[in-house]
Amino acid sequence: MMKNPSRIASNVVASTTLAIDSLFKQMKADGINVVGFGAGEPDFNTPDNIKAAGIKAIEDNLTTYTPASGTVELKEAIVKRVKEDFDLDYKTSQVVVASGAKHNVFVAISVLCDHGDEVILPAPYWVSYIEMIKMAGGVPVVLKTDEDTDFKITAQQLEAAITDKTKCMILNNPSNPTGMVYSKEELQAIADVCVKHGIYVIADEIYSCLLYDNIEFTSFASLGDEVKELTILINGASKAYAMTGWRIGYALANEKLAKMMGNYLSHSTGAPATFAQKGAAEAFAGPQDSREIMRQAFEERRNYIVERMNSIEGVSCIMPQGAFYVMMNLKQLIGKELHGVMINDADDFADLFLKKGMVATVPCTGFGAPEYCRWSYATSMENIKEGLNRLEKFLAE
């Protein structure tokens, strides 16, 4: 008789964002006129200087292994970039390069957590965080937030959730899926609690370059030496430089943790592709004007989508401050029938909206927010207008 696979693996749930995107792409391939707002990636091409660096690396036969935690050249470019962007000082020995920021989050959780350790996770959370915690044998402790608190936790909430089993917390700022940004004062209050209890913080700041309304970004690790020592800072090339498929993310941590993360990588994936590291070194060390061009386009789209969504009866949203997502509030529709279907949660709405309204959004049930759907505005203004036209028609019929 065949033995059962791992209990941990059996409890891991597939990513809902990828599932929605996959269904959307299949419908599109089948010739169905569907508009998609699911994918979390910029709709811009990788800048030419970065592509050229990757192409040159291949032509120069830079196609062999690099050190597991990344090349010295790339680490030096990352150190330079975080100094310029966040006024943070790190050594190359504190930099860990992996196959995307997502991969670095997974390795960070794996390095920090023993079986049964608790990981504090503010909700709404990015769908993969909760599964990563489970995969590492950790126990997610979810802190609920809502529009009333701008989807942000307070220091008091954090303090109340801490037990003797708490090992770390994950703080995604700016947030996917909410797009909200913590102020320096809010972060300092949270940091004080973490230092008091000696709790590690996995600070996922992958959207740090995408802030609007002249809001200033504060990196969690910049809040003092004690905070920095407890922080594993996560960032990467994917969102800021339209390099999602290049799979380059980085972590910055104290030297002990960085070495442990490097050890994990050396026995699992090894380093990302050599040519991709060359491209990323150019991204971080080269001209930065492409970031601002994309940021301005996202801000214009955000302004449109929020104003228009709030003019449609039955749904609403608050103004996100960063990233490229908006959370559509479905509370007025929960418990009602639409097109003959009872809407119990965001899953029901998103499924019906895709099939009847021909629009793909992401239900936030997998994000710990079952009364919301996430729209990505990393798509053309034309698509945004068409999607909202379809939403208005779908809710009016």
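On a 1 Å grid over the protein atoms alone, a cavity is a set of points where a 1.4 Å probe fits but cannot get out, whereas a pocket is an open set with protein on both sides within 12 Å along at least five of seven lines, and lining residues have an atom within 4 Å of a point. The largest cavity is lined by 18 residues, among which Pro122, Pro124, Asn172, Ser175 and Tyr182 lie nearest its centre. This is a predicted model, in which local features need pLDDT of at least 70 and side-chain atom pairs count only at pLDDT 80 or more, while totals for chains, interfaces and linings use all residues. Residues are numbered from 1 along each chain as its sequence is written, and side-chain values use heavy atoms, with hydrogens and water left out.

**Cavities**

- The structure holds two cavities of 30 Å³ or more, where a volume is the space filled by probe spheres set on the grid points, which are joined across faces, edges and corners.
- The largest cavity has a volume of about 130 Å³, and strands E3 and E5 each supply at least two residues of its lining; helices (H or I, at least four residues) and strands (E, at least two) are DSSP runs, numbered from the N terminus.
- By class, the lining of the largest cavity has twelve nonpolar, five polar and one charged residues, where Ala, Val, Leu, Ile, Met, Phe, Trp, Tyr, Cys and Pro count as nonpolar, Asp, Glu, Lys and Arg as charged, and the others, Gly among them, as polar.
- The second largest cavity has a volume of about 60 Å³, and the residues that line it include Arg81, Asp85, Asn235, Gly236 and Arg291.
- Helix H4 (72–86) and strand E7 are the elements that give two or more residues to the lining of the second largest cavity, and H4 gives the most, with three residues.
- The lining of the second largest cavity divides by class into six nonpolar, three polar and three charged residues.

**Largest pocket**

- About 530 Å³ of space lies in the largest pocket, which is lined by 26 residues, and those closest to its centre are Gly40, Lys102, Trp126, Tyr207 and Lys239.
- Helix H2 (16–29), helix H5 and helix H6 (127–135) each supply at least two residues of the lining of the largest pocket, and by class that lining has nine nonpolar, ten polar and seven charged residues.

**Salt bridges**

- A search of the whole structure finds 25 salt bridges, each being a side-chain nitrogen of Lys or Arg within 4 Å of a carboxyl oxygen of Asp or Glu.
- Lys167 forms a salt bridge with Asp117, with the closest N and O atoms 2.7 Å apart. This pair links distant parts of the chain, 50 residues apart, with Lys167 in strand E5 (residues 166–172) and Asp117 in the loop between helix H5 (101–112) and strand E3 (118–123).
- Lys167 is partly exposed at a relative accessible area of 22%, whereas Asp117 is buried at 13%; buried means under 20% relative accessible area, exposed over 50%, and partly exposed in between (1.4 Å probe, protein chains only).
- Lys355 forms a salt bridge with Asp351, with the closest N and O atoms 3.1 Å apart, and both residues lie in helix H13 (residues 346–357), four residues apart, or about one turn of the helix.
- Lys355 counts as exposed at 53% relative accessibility, whereas Asp351 counts as partly exposed at 37%.
- The side chains of Lys83 and Asp87 meet in a salt bridge of 2.9 Å, N to O; Lys83 is partly exposed, with a relative accessible area of 35%, and Asp87 is exposed, with 55%.
- Lys80, Arg81, Glu84, Asp85 and Arg291 are linked in a network of salt bridges, and Arg81, Asp85 and Arg291 are also among the residues that line the second largest cavity.

**Strand E6 and its partners**

- Four of the five residues of strand E6 (residues 200–204) are buried, so E6 is largely enclosed by the rest of the structure.
- E5 and E6 pair in the parallel sense over five bridges, where two strands pair if DSSP finds at least two bridges between them, and Tyr200 in E6 is the bridge partner of Cys168.
- Four bridges join E6 to strand E7 (residues 231–236), with the two running parallel, and Ile232 in E7 is the bridge partner of Ile202.
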